[in-house]
Amino acid sequence: MSGQKGLEFLLAVETTPSGGTYVAIGGMRSNGMTINNEVVDVTNKSSSGVRTLLEGAGVNSIEISGSAVFFDDAQSAIILAQAKANTHVNYQLTLPSDTTATDYTGAFAMASCALAGEYNGEITLDITLQSAGVIAVA
């Protein structure tokens with residue numbers, strides 16, 4: 001398997017609620033994804049001092065982070081509206097592959113949204129999204 005371009009690791013936002021049309025967020029410089037699997041410890045006196053975890057239990061979640069150059073466009077407006085209203089919006093993260101890309105699609109809550117700008121530079125946007133339900137993997 002060859003290396004893959006970070007440029008192809010895309011974060012897109014649904015343009016209209018439940019519309020099914022996703023548009024890559026303009027200005028993205030970096031983004032990442034963390035899959036979290038909460039473990040359930042069932043260690044007891046008969047475990048011989050070895051930690052025992054309950055398979056398939058716990059809460060699973062996905063966290064997406066991203067950094068972008070801020071553009072005053074439709075995608076940025078959706079992100080800022082979500083941050084202000086504390087609503088769930090559908091996002092799609094595309095993970096590149098040599099054969100077929102994998103899409104992670106579903107509702108995400110805006111955990112944080114930060115804008116910053118220096119007097120002699122661009123305005124940047126940093127976001128953290130947390131899954132708010134089942135995330136489809138295709």
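In what order do the elements of the protein run from the N terminus on?

**View 1. Overall fold of the predicted model.** Counted from the N terminus, the elements follow the order β-β-β-β-α-β-β-β-β, so that the secondary structure comes to one helix and eight strands. The radius of gyration is 18 Å, well over the 14 Å that the globule rule gives for 138 residues, and the protein is therefore more spread out than a compact globule. Taken along the principal axes, the box filled by the C-alpha atoms is roughly 60 × 35 × 35 Å. Of the 138 residues, 27% count as buried, and the accessible surface of the protein comes to about 8600 Å², with 53% of it belonging to carbon and sulfur atoms. Among contacts with a separation of 6 or more, 57% are accounted for by residues 24 or more positions apart.

**View 2. The largest nonpolar core.** This core has 18 residues, and those with the most contacts inside it are L11, I64, I79, Y91, F108, I127 and L129. Two or more residues are given to the core by each of strand 1 (10–14), strand 4 (60–69), strand 5, strand 6 and strand 7.

**View 3. The surroundings of I64.** When its neighbours within four places in sequence are left aside, I64 is in contact with L11, G32, L93, F108, I127, T128 and L129. Of these partners, L11, F108, I127 and L129 are also named among the residues with the most contacts inside the largest nonpolar core.

**View 4. The aromatic pair of Y91 and F108.** A search of the whole structure finds one aromatic pair, formed by Y91 and F108 in an edge-to-face arrangement, with 6.3 Å from centre to centre and 85° between the planes. The pair links distant parts of the chain, since Y91 lies in strand 5 (residues 88–95) and F108 in strand 6, 17 residues apart. Y91 counts as buried, at 0% relative accessibility, and F108 is likewise buried, with a relative accessible area of 0%.

**View 5. The salt bridge between E122 and R29.** One salt bridge is found in a search of the whole structure, and in it the side chains of E122 and R29 meet at 3.2 Å, N to O. The two residues are 93 residues apart and link distant parts of the chain, with E122 in the loop between strand 6 (102–117) and strand 7 (123–131) and R29 in strand 3 (residues 28–37). E122 is partly exposed, with a relative accessible area of 35%, whereas R29 counts as exposed at 57% relative accessibility.

Note on methods
Residues are numbered from 1 along each chain as its sequence is written. This is a predicted model: local features need pLDDT of at least 70, side-chain atom pairs count only at pLDDT 80 or more; totals for chains, interfaces and linings use all residues. Side-chain values use heavy atoms; hydrogens and water are left out. A salt bridge is a side-chain nitrogen of Lys or Arg within 4 Å of a carboxyl oxygen of Asp or Glu. Helices (H or I, at least four residues) and strands (E, at least two) are DSSP runs, numbered from the N terminus. Buried means under 20% relative accessible area, exposed over 50%, partly exposed in between (1.4 Å probe, protein chains only). Rings of Phe, Tyr and Trp (its six-membered ring) pair if their centres lie within 6.5 Å; planes under 30 degrees apart count as stacked, over 60 as edge-to-face and the rest as tilted. A nonpolar core is a set of buried Ala, Val, Leu, Ile, Met, Phe, Trp, Tyr and Cys residues joined through side-chain atoms within 4.5 Å. Contact means heavy atoms within 4.5 Å. The radius of gyration is taken over C-alpha atoms; the globule rule is 2.2 Å times the number of residues to the power 0.38. Accessible areas come from the Shrake-Rupley method with a 1.4 Å probe; for residues, only the protein chains shown count as cover.
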